[in-house]
Amino acid sequence: MAWFLIIFFISPAILVLFRVGQFQSPFSVDVGAVLFQNLLQAVTSAGVSVVLGFVGACGLLSISKYSWRRLFEIFVMLPGVLPPLFVLLALLNGFALFTGFPFGFWGVVLVHAVTYTGLLSVAWRRLLESKAAPMVELSAIDGARPWMTRVLVFQYLRPEAQNLFYLVFAAAFTSFSIPLIVGGHRGETLDVLIYRAAFGQGNWGLAVSLSCLQMLLLFLLSFFAKAPSMAVANWPRHLRLISMPLAASFFLTLNILIIGFSFLGFSAGLTKILSHTLLLQNLLLGLGGSLLQGTFVATFVFFLSCLVVYLFPSAVLHRFLIGYVAPSTAITGLALGAFYDPVGWPRTYTLFIMSVGFVLLIYPALYRLRGAASLHMLQKQMEQAQVLGLSRWERFRTVSLPQLWSEILFTAGVGAFWASGDFALGRMISGQDITLALLAQTLLGGYRYEVATVVMWCSLLTGVFLFLICESMGRIKVPACR
Amino acid sequence: MSGKKLALILFFIAMVVFAAGLVYRFSQLKSQTIERAKAANLIVFANSSFIDAYGPGLDLKAEFEKSCVCTVEYVDVGGSSEVIEKLRLDPSRRVDVILGLDYLQLKRISEVITFQKLPATDIPFVPEIKDRLWVQFRAYDWSPMGFIYRKGEVPVVSSLQEALTKWPARSVSLQDPTLSAPGLVWFYHFLMADPATDYADKRKNLPARLDNWKGLVHSYSPSWSGAYGIFRNKQAPLTYSYLTSLIYHWQQEGDRSYQFMPFAEGHPLHIEYAAVPETCWNCNEAKRFVEFLGSAWAQKTLAEKNFMLPVRADVVLPDVFKELPKLKLMGTEHVENFVNERQTLLDIWKAHR
């Protein structure tokens, strides 16, 4: 079963390989310099994001009221789901008030850090709550200062830090438009090379081989990711010792600025939409499409996660999901696009295929973000249950599912949230603007920035709505009795 | 049973029923879909700005359907490069008309797809494009391209050579010529702007000229919208775009600060073509649709909603079009060389950008 799942994930690459029927050595082009630059950029982006994410998590710990913290978390995660161009333009606008934007290497790192820090802050906050409390208490007893305690906790959670590092590293390594626009003359990444080979030259043999090289490299580098440590306690009170209200204020201000800048033109856009019947109609159709796509994605992620939990412990599947990064959007989109022609099919089916493709792209990242650590915490329990003679199904029903229920639905919610902002894959599969993100992209391409801003915000609110539904469902207790 | 348990059970049942229903309908529709597509639709590949709520696509569709027992179905496949590669990977893909084919990519697309010859037409074409007409490709709109700026933000120059000395560093937001059609037009413009008259000399000078030019480049974006977005957000005072982009700012926004910089060496044209692939299903209607695009009514709609110039000489346009600057246009003498050497030239650009 684990192997079937693995084949399912790598199917886009296999499909394109068969369709292309040729293979050109990736070293036939000057890949070395690009690779070095790409690695350096991804390592720096990931390092900065992980450290800032930790600081952000300390900030989150200072917000004690649950509902406020949840709102804050959604807020700080927003840059991670906004289209890259939106984040970039917001940053450019912000920098224009004070100084010029640092184009080049540090510009790329900055945009990546802003994009991923919020997401990592939320991940760090959960890790701190489940694993760091005793360490914090011990440090406090020993009289360590807060900053020393934070350093100690960071060192203690190094395996988790390495996993989060890899998560951002993989995303930054496969980044496409940001390095291209912000990177200046050194903006070449492997993904850009792949896109150029495919769409610029029509050299699919080279595009596929570069994509394989990219996957292989990321898989090899994933071996640096460590097995996470066990959860020990959940004593949030002790964590106040390392909380940083200043960090919370800083990240809140930063996100307000970014989101505020991306709101420029919102009211003008809203007026235009309300006075344009066809646009309003498209907006409503797109809303339906986004809701359906998000629901599909959440459902797929839910069932896929259940399957992964059911198959746990499967060393091969775990290793695969930790190390695998889906081929570039161009390759995945073409694999699905080449086998699915939307002409003649109802929108629902196109949304269905888009959702399958999107899950293929994001699921390994979701697993690295949450799944791997959560499953690892159950390792001992599962071993004991196995010794007690429980079947796989019984272990799943009585041990793992009840404990991971909320995690699984949280992951499904994050998947739906991400899906609400997807336009890259959707554009390659669907020939029409059937979701809000696709509509926003079309409007961006036709001068309509104000209207696109409104549509993009509707799209994000759709994602937040689906995320909250999934998260609420995750709070329903699953009966653990046999 | 508690309410939460009941909700959980209902959730599971809903998911299972939903998945089963979907699989069932999918299997049913699979057999119907070919018939459905065959039925009456005219499948038209177009780009997103053509199809969107503001674009000309919907009006053209409504008008054409009045005289046709078919339904025009637009499919947004992106730019010329995306069309070429999608059809290269899946030659059996159903398409009757392809719109938005770019002048500089016609050779490349002809290597991948065979097109039907279009019937002779009596369209009175504007003189500017008369030497760029083909039997398989029908031009339906066009515009010269060049640098757009906002008044007062950058010195006005009269040639690319002069720009090298007068424009500030990092001032031009451009499109990547390997990824974007307007980017390729810019690159052609750059090559042709070399004062050397001989093509071989232009090519020889290219690396050094690119080295001189790169200090002026703010960024290369993967698409026109990316580059224009940077310009619109005032991150760069200049961008490369269509002369007709001014119409949008002047007419829709009432903002006259946006201007076009006429160059003495002339300007290249971006011409959009329609074509009917050999593999079309609804070929007669496809050819009628292409012919319809050349009608006076369609040309006016295209000009007003696609913000491009009509290919017909007899179209009466709003006054704002008359206010566009009159430009010297580049000739076609080196186009073939450029198209034939496209990849080599782009490799030079990559090494010296």
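Tutor: Start with helix α13 (residues 277-311) of chain A and helix α16 (residues 347-377) of chain A, whose axes come within 7 Å and cross at roughly 45°. This is a predicted model, where local features need pLDDT of at least 70, side-chain atom pairs count only at pLDDT 80 or more, and totals for chains, interfaces and linings use all residues. Residues are numbered from 1 along each chain as its sequence is written, chains are lettered from A and ligands numbered from 1 in the order in which they are written, and side-chain values use heavy atoms, with hydrogens and water left out.

Student: How are α13(A) and α16(A) oriented to each other?
Tutor: Axes are lines fitted to C-alpha atoms, for helices over the stretch in contact, and angles run from 0 to 180 degrees between N-to-C directions. Helices are DSSP runs of H or I, at least four residues, numbered from the N terminus. Angles under 35 degrees count as roughly parallel, over 145 as roughly antiparallel, 65 to 115 as roughly perpendicular and the rest as oblique. At roughly 45°, α13(A) and α16(A) are therefore oblique.

Student: Is the crossing of α13(A) and α16(A) left-handed or right-handed?
Tutor: A crossing is left-handed if the near helix is turned anticlockwise from the far one by less than a right angle, and right-handed if clockwise. α13(A) passes α16(A) in a crossing that is right-handed.

Student: What is the orientation of α20(A) to α21(A)?
Tutor: The axes of α20 (residues 436-444) and α21 (residues 449-474) of chain A come within 8 Å and cross at roughly 165°. That makes α20(A), relative to α21(A), roughly antiparallel.

Student: How many nonpolar residues does the contact of α20(A) with α21(A) have?
Tutor: Contact means heavy atoms within 4.5 Å. Leu436(A) and Leu443(A) of α20(A) are among the residues making it, as are Val455(A) and Met456(A) of α21(A). Ala, Val, Leu, Ile, Met, Phe, Trp, Tyr, Cys and Pro count as nonpolar, Asp, Glu, Lys and Arg as charged, and the others, Gly among them, as polar. The contact has two polar, no charged and, for nonpolar, twelve.

Student: What area is buried between chain A and chain B?
Tutor: The contact takes 66 residues from chain A and 65 residues from chain B. Buried area is the accessible area (1.4 Å probe) that two parts lose on being put together, summed over both. Carbon and sulfur atoms give 64% of a total of about 6300 Å².

Student: Which residue forms a salt bridge with Glu450(A)?
Tutor: A salt bridge is a side-chain nitrogen of Lys or Arg within 4 Å of a carboxyl oxygen of Asp or Glu. Three are found across the interface of chain A and chain B. For Glu450(A), the closest N and O atoms are 3.8 Å apart, and the partner is Arg232(B).

Definitions and conventions. Helix = DSSP H or I, 4+ residues; strand = E, 2+ residues; numbered from the N terminus.
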